[in-house]
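Colleague: Please take a close look at one part of this model, the charged side chains and their partners. Then follow the contacts from there to wherever they lead.

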2 protein chains.
Amino acid sequence: MRALLVVAHGSRRAASNDEVRALTEQLRPQAESEFGHVACAFLELADPLIPDGLQQCLQAGAKDVVLLPYFLSAGRHVTEDIPNIVAEFTTAHPTLNVHISPHLGTEPSLPAALLQLAIN
Amino acid sequence: MRALLVVAHGSRRAASNDEVRALTEQLRPQAESEFGHVACAFLELADPLIPDGLQQCLQAGAKDVVLLPYFLSAGRHVTEDIPNIVAEFTTAHPTLNVHISPHLGTEPSLPAALLQLAIN
C-alpha cells in the first residue's frame, strides 16, 4: 500500500497547523484512489512530527510513502532538513520506501491558482 | 488600470526570492487580460518591498491594485503586517485603491494541485 504524507513547517499558531490538517482532509477524497493512507505531519512545532507521521504510515500497512513538502520555496528545510529526517527514519525502518516529491512551489498549476484568487 | 501585486515573505536566500519572481513571470501571460501591470514584492529581506511595489503600480498608471499574499497560512504577516503596510501607503496615496485578496493557502484548487505533485 502507498501512503501520502503532506509535510508542513508547523507553527506556534494552532490555527496555522489546523489549516494544514483541513487541507489534508480536503485532499483525502481526491487521493484515495491512489493512496491507502493520507495524513499530514510537521517539521517542527506541531504534532505529529515527521518520524511519527512515517511511523503511522508503517502501522497503516504502507510499503511506499510519497512525502509532499508543503513549502513554497526550496530553502534549507526542503533541501536538507526533510531529507535528513527521512534518511534517518528509513535507515531504522528499511522496509519502508519514502519518495520525497517536489515542493508545492514547483507545481505548474500554481500560477493559475493564484490568478483565480486574484480575480475572485 | 488594475494591477496585480504578488506579495511573498522574502528570504535571505536569493534563490527563494527568484522562485517568486519566476512565478510572477509565469503568471503574467495568464493575467494580462485582467491586469495592466503584474509584479511581485516582498514583506522583508528582498526587493522591492511592498511600498516600492505599490509605488511602481502607481507609476504604471494603476488606479486599483489586487495584492495577493503568497503565503500558505494566515499568520501575523497576513492578518496584520501586510494590511498595516497597505494602510500606511494608501493614506499617503489616497487615489490608489488596494484590495488584499485571500492568501494562497485558501485557494480551493490547492488540494488538487498537491495531488498532482504527489502522483507525478
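Modeller: A:Arg2 is partly exposed, with a relative accessible area of 27%. That value, like the others here, comes from a predicted model. The side chain of A:Arg2 meets that of A:Glu34 in a salt bridge, with 2.9 Å from N to O. This pair links distant parts of the chain, 32 residues apart. A:Arg2 sits in strand 1 (residues 2–8) of chain A, while A:Glu34 sits in the loop between helix 1 (14–31) and strand 2 (37–42) of chain A. A:Glu34 is partly exposed as well, at 34% relative accessible area.

A second salt bridge in chain A joins A:Arg28 and A:Glu25 at 2.5 Å, N to O. A:Arg28 has a relative accessible area of 24% and is partly exposed; A:Glu25 is partly exposed at 46%. Chain B has a salt bridge between B:Arg28 and B:Glu25, whose closest N and O atoms are 2.5 Å apart. B:Arg28 and B:Glu25 both belong to helix 1 (residues 14–31) of chain B, again 3 residues apart. B:Arg28 counts as partly exposed at 24% relative accessibility, and B:Glu25 counts as partly exposed at 44%. Over all chains the count is 8 salt bridges.

A:Glu107 is a charged residue without such a partner. A:Glu107 is buried yet has no salt bridge. The nearest side chain of opposite charge is that of A:Arg2, 14 Å away; a salt bridge would need a nitrogen and a carboxyl oxygen within 4 Å. What A:Glu107 does have is a polar contact, side chain to side chain, with A:Ser109 at 2.9 Å. A:Glu107 is placed in the loop between strand 4 (97–100) and helix 4 (110–119) of chain A. Not counting residues up to four places away in sequence, A:Glu107 touches B:Ala113, B:Gln116 and B:Leu117.

Those contacts lead across to chain B, and A:Ser101 does likewise. A:Ser101 is in the loop between strand 4 and helix 4 of chain A and is buried, with a relative accessible area of 4%. Beyond four places in sequence, the contacts of A:Ser101 are A:Val66, A:Leu67, A:Leu68, A:Pro69 and B:Leu117.

As for the two chains as a pair, chain A can be laid on chain B by a turn of 180° and a shift of 0.0 Å along the axis, with an RMSD of 0.0 Å. The two copies are thus related as by a two-fold rotation axis. Of the interface residues of chain A, 100% are also interface residues in chain B, so the copies meet through the same surface.

B:Ile82 lies in helix 3 (residues 76–92) of chain B and is buried at 0% relative accessible area.

Note on methods: Residues numbered from 1 in each chain as written. Chains lettered and ligands numbered in written order. Predicted model: local features only at pLDDT ≥ 70, side-chain atom pairs only at ≥ 80, totals over all residues. Heavy atoms only, no water. Helix = DSSP H or I, 4+ residues; strand = E, 2+ residues; numbered from the N terminus. Buried < 20%, exposed > 50% of the residue type's maximum accessible area, 1.4 Å probe, protein only. Least-squares fit on C-alpha atoms with pLDDT ≥ 70 in both. Contact = heavy atoms within 4.5 Å. Lys, Arg positive; Asp, Glu negative; His and termini not counted. Polar contact = N/O pair within 3.5 Å; in protein donor to acceptor, adjacent residues only side chain to side chain.
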